Amino acid sequence: MTDPARTAALVLAAGAGARFGGGKLLAELNGRPLLDHVLGTIGDAGLAATIVVVGPDSTELEEIAMARGARVVRNAAPERGLSSSVRIGLEALVQDPAEGLEAALVLLGDQPRTSAAVIRALLAAEVPESRSIVIPRYGGGGGANPTLLLRRAWPLAAQLEGDRGFGPLISEHPELVLEVELPGENPDVDTPADLARIVETNWAARVEANRAQVERIREVPDGGDFYAPVRSLFRADPTRIDDPVLGALLEQVQPGDRWLDVGAGAGRFALPLARALEPSGGDVVALDASPSMLASLREIAAEHAIWNVRTIEARWPPADPAAGDADPADVVLIAHVGYDIEAIGPFVDALEAAARRTCVAVLMDRVPASAADPFWPLVHDESRLSLPALPEFIEVLRARGRSIEVVKLANEGRQFDSRAALEGFVRRQLWIDPAGAKEARFQAALDALAMEQAGGWVISGGGTNEIGVVTWRP
């Protein structure tokens, strides 16, 4: 076992990131630069010290490193390859005033998924006296990083040349290498596509964790149409003029447009958009998987004589392309849809393929169902695992190289016409059996959290939840 208190981290962050287009380590993942993810993981692992090797004119990277308490050294000529940063970093460690360092853990600044568990596994390995280099071997494949160099291997590492890192040293001296078998993988971010894959993988992991939590606590099934019992909550007046989100969407309308509203629900936006398009001959295609929601949409459309809207009952992306419209729409809209889509990449691909001019997404900072989150600790003794939402969707688009515009709008929060309507909404988000043991806890939580105020009933502790209108060209 290698003592963390006698191990220093050496982070290589001097590369130009040419394949990424520059600025790679400043690219964001979960709202933080890639380099900060690596440094944060090192901090979690409790190593003795951290040295970050940066290139010339790397002020922003230096600031990130120093904010994490790391020492920064510069590689004036990073074009000499990765090995030059290794040599410079090891020289800095040799000169480090900290006494008793017995190992260096060398990490790449472009591997934000490096975990503290991986670091601990390398440090925990029993290293024979004849070995001095410890590397991971991932079940999912990929490079052998990070690399743990015991001090007796530092002179060999200082002789490295070129841009292949420790590959040649490991190949030439297999007798010095100890491999630690680990699950998963640890991908580099070399290109924007690499970052997009990581962002989308993180999205998928959150959706899966959220779903698994429901399946673990579930007492009742969803039923064939999840929204049927609460569809009345989604009805809206298509003639309303006090909706800032609708106002932002209407600004996107051009004469003769066809809009495709994916997840149209009861027509909150599809119907007023159709009214705006009717004089110019435009129309709206409203797609939704819920028959009850589409029934409500058609009822409201008939009440207001809105005839230029057509409904399609289907999921998105349609398993059968013929289930959608053969002709692309001018604008494709999603509104509070996609939060629970695990494969977000193909979902966005299909939106873009269906749009001639613009894609629009209306999403909240937190999913609308999060209004019920304060009930979870009281009813289930645990906090609700959150789904990805507006910030993560923006990150997906940016990682895919899209140029986007975001309009943020205030949101007064979810209000209900009655306590019974509030109860129905929350009950759907808790999956409890009305005849089960948790029903009494639910009723007590209602007494504590359901509040009547001017205009209706609200859930105490829900907090604010801004809405964003995101537009981008496909």
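N75 sits in the loop that runs between strand β5 (71-74) and helix α3 (82-94). In this predicted model, N75 is buried, with a relative accessible area of 0%.

**N75 and its surroundings**

- Two polar contacts involve the side chain of N75: one reaches the side chain of R80 at 3.4 Å, and another joins it to the side chain of S84 at 2.8 Å.
- Once neighbours within four places in sequence are set aside, the residues in contact with N75 are A14, V53, V54, G55, P56, R80, S84, S85 and I88.

**The protein as a whole**

- The protein contains 15 helices and 18 strands.
- Its C-alpha trace spans about 80 × 55 × 40 Å along the principal axes.
- Of the 474 residues in the protein, 51% are buried.
- Taking contacts between residues at least 6 apart in sequence, 77% join residues at least 24 apart.

**Where α1 meets α4**

- Helix α1 (residues 34-45) and helix α4 (residues 116-124) have axes that come within 9 Å and cross at roughly 50 degrees.
- The two helices are therefore oblique to each other, and the crossing of α1 and α4 is right-handed.
- On the α1 side the contact is made by T41, I42, D44 and A45, and on the α4 side by A116, I119 and R120.
- Sorted by class, this contact of α1 with α4 holds four nonpolar residues, one polar residue and two charged residues.

- L123 counts as buried, because its relative accessibility is 3% and the cut-off for buried is under 20%.
- Leaving out neighbours within four places in sequence, L123 is in contact with M1, T2, P4, T7, L47 and L148.
- From L123 to A295 the separation is 172 residues in sequence and 61 Å in space, taken C-alpha to C-alpha.

**Where α7 meets α13**

- The axes of helix α7 (residues 192-217) and helix α13 (residues 390-399) come within 8 Å, crossing at roughly 155 degrees.
- That angle makes α7 roughly antiparallel to α13.
- The crossing of α7 with α13 is left-handed.
- From α7, the residues P192, L195, A196, V199, E200, W203 and R206 meet E392, F393, E395, V396 and A399 of α13.
- The residues of this contact between α7 and α13 divide into eight nonpolar, no polar and four charged.

**Two mostly buried helices**

- Helix α11 (residues 344-353) is mostly covered, with seven of its 10 residues buried.
- Those buried residues of α11 are I344, G345, F347, V348, A350, L351 and E352.
- The elements they pack against are α7, β10 (258-262), β13 (329-335), β14 (355-364), α13 and β18 (467-472).
- Helix α14 (residues 419-428) has seven of its 10 residues buried, so the rest of the structure largely encloses it.
- In α14 the buried residues are A421, L422, E423, F425, V426, R427 and R428.
- The cover over the buried residues of α14 includes α12 (375-380), α15 (439-449), β16 (450-453) and β17 (456-459).

**R298 in α10**

- R298 lies in helix α10 (residues 291-303).
- With a relative accessible area of 42%, R298 is partly exposed.
- Apart from neighbours within four places in sequence, R298 is in contact with P291 and T311.
- The side chains of R298 and T311 make a polar contact of 2.9 Å.
- R298 and V309 lie 11 residues apart in sequence, and their C-alpha atoms are 8.7 Å apart in space.

How values were computed:
Residues numbered from 1 in each chain as written. Predicted model: local features only at pLDDT ≥ 70, side-chain atom pairs only at ≥ 80, totals over all residues. Heavy atoms only, no water. Helix = DSSP H or I, 4+ residues; strand = E, 2+ residues; numbered from the N terminus. Buried < 20%, exposed > 50% of the residue type's maximum accessible area, 1.4 Å probe, protein only. Polar contact = N/O pair within 3.5 Å; in protein donor to acceptor, adjacent residues only side chain to side chain. Contact = heavy atoms within 4.5 Å. Axes fitted to C-alpha atoms, helices over the stretch in contact; angles between N-to-C directions. Parallel < 35°, antiparallel > 145°, perpendicular 65-115°, else oblique. Left-handed = near helix turned anticlockwise from the far one by under 90°. Nonpolar A, V, L, I, M, F, W, Y, C, P; charged D, E, K, R; others polar.
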